[in-house]
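Reader: I have not seen this structure before. Please take me through the terms used for it and show what each one rests on.

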Amino acid sequence: MKVVVCKDYDEMSQKAFEVMKEVVTSKPGVVLGLATGSSPVGLYKCMIKDHEENGTSYKDVVTYNLDEYVGIDRSNPQSYYTFMKENLFDHIDIDPNNTHVPYGSTKEDCEGYEKELEKVSIDLQLLGIGRNGHIGFNEPGTPFDEMTHIVDLTQSTIEANARFFDNDMNKVPKQAITMGIGTIMKSKKVLMVVSGPEKAEAVKATVEGPVTTDMPASVLQNHPDVTLVVDEAAASLL
Ligand code: GLP
């Protein structure tokens, strides 16, 4: 695992953007796995600025998002579908038909998304990390070979995400549909962005800890091409 330590969130976003741009411009029809949360927003801003200033095109780029809440409509401002439109897709020249965000609550919905993913090979999978080490919505205990599935969110994730729902935990959906760890591990390259002191323990366990389902991100030690871009606060325990 390659670890790049940056002084702050902005430098983290810039460094991650450099990795992203290299992949996006490497060939036509690049397939990206994308993530939500506050961690990748700065990177998405860099992509938008670069598109506007340098004309980097996303016309042929295809994207698959990691996850989505269950039980909220796509038009809900807190849906990851809306998040992606607002933070990236509406500001670049990507074809909306080439963007995919999982949706649904049934086994069939999960299998359908996984079938779509079987048709492609993700060139770069972008990841954030939860405080408890979750990736996508794969909470501690998730088997490493699981593919797209429905999860019950842990209390700590519900609490962490309440900030997006008027700080009211009762409004946070209790389930999500997520690519599995098996799905994530199939991608050719993984780019993880992490910032803030509250992620420091998860970062340490990801990089130095045992590979265990108790810390889902530790599975990345088994992936051949991972770049972890962290700010100093998140890297403070390394
Ligand atoms: C959510 C998402 C994850 C994300 C994590 C961290 O639960 N499902 O994909 O990595 O939160 O979010 P943030 O970057 O806002 O800390």
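Author: The model is predicted. A place to begin is the ligand: 14 residues surround it, and the closest are Gly 37, Ser 38, Ser 39, Gly 128 and Gly 130.

Reader: What makes a residue one of those that surround the ligand?

Author: The cut-off is a C-beta atom within 6 Å of the molecule. By that rule 14 residues surround the ligand. The shell divides into four nonpolar residues, nine polar and one charged. Gly counts as polar in this division.

Reader: How much of the chain is buried, and how much of the contact count comes from residues 24 or more positions apart?

Author: Buried residues are 41% of the 238. Among contacts with a separation of 6 or more, 79% are between residues 24 or more positions apart.

Reader: What is Val 172 in contact with, leaving aside its neighbours within four places in sequence?

Author: The contacts of Val 172 are then Ile 158, Asn 161, Ala 162 and Phe 165. Ile 72 is 100 residues from Val 172 along the chain, and the two C-alpha atoms are separated by 9.6 Å.

Reader: Which helices and strands does the chain have, and how many of each?

Author: The chain has seven helices and 10 strands. Seven of the strands form an open sheet in the order β1-β10-β9-β6-β2-β3-β5, with parallel pairing. Its edge strands are β1 (2-6) and β5 (99-100), as each pairs on one side only.

Reader: What makes β2 and β3 a pair?

Author: Two strands pair if there are at least two bridges between them. Strand β2 (residues 31-34) and strand β3 (residues 62-65) have four, in the parallel sense, so they meet the cut-off of at least two.

Reader: Where does helix α1 lie?

Author: Helix α1 (residues 9-24) lies across β1, β6 (124-127), β9 (190-194) and β10 (226-231), and runs at about 160° to β10.

Reader: Which strands form the antiparallel sheet, and in what order?

Author: Three strands form this open sheet, in the order β4-β8-β7. Strands β4 and β7 are called edge strands, since each pairs on one side only. Neighbouring strands here are turned by 25° against each other on average, direction ignored.

Reader: How do you know that β8 pairs with β4 and with β7?

Author: The cut-off is again at least two bridges. Strand β4 (residues 67-69) is joined to β8 (residues 175-178) by three bridges, and strand β7 (residues 149-152) pairs with β8 over four. Both counts therefore reach the cut-off. Ile 177 in β8 is the bridge partner of Glu 68 and also of Ile 150. Val 151 stands opposite Ala 176 in β8.

Terms used
Residues are numbered from 1 along each chain as its sequence is written. This is a predicted model: local features need pLDDT of at least 70, side-chain atom pairs count only at pLDDT 80 or more; totals for chains, interfaces and linings use all residues. Helices (H or I, at least four residues) and strands (E, at least two) are DSSP runs, numbered from the N terminus. A residue is buried if 20 or more other C-beta atoms lie within 10 Å of its own, exposed if 12 or fewer, and partly exposed in between; C-beta atoms are placed from the backbone. Two residues are in contact if their C-beta atoms, placed from the backbone, lie within 7 Å. Axes are lines fitted to C-alpha atoms, for helices over the stretch in contact, and angles run from 0 to 180 degrees between N-to-C directions.
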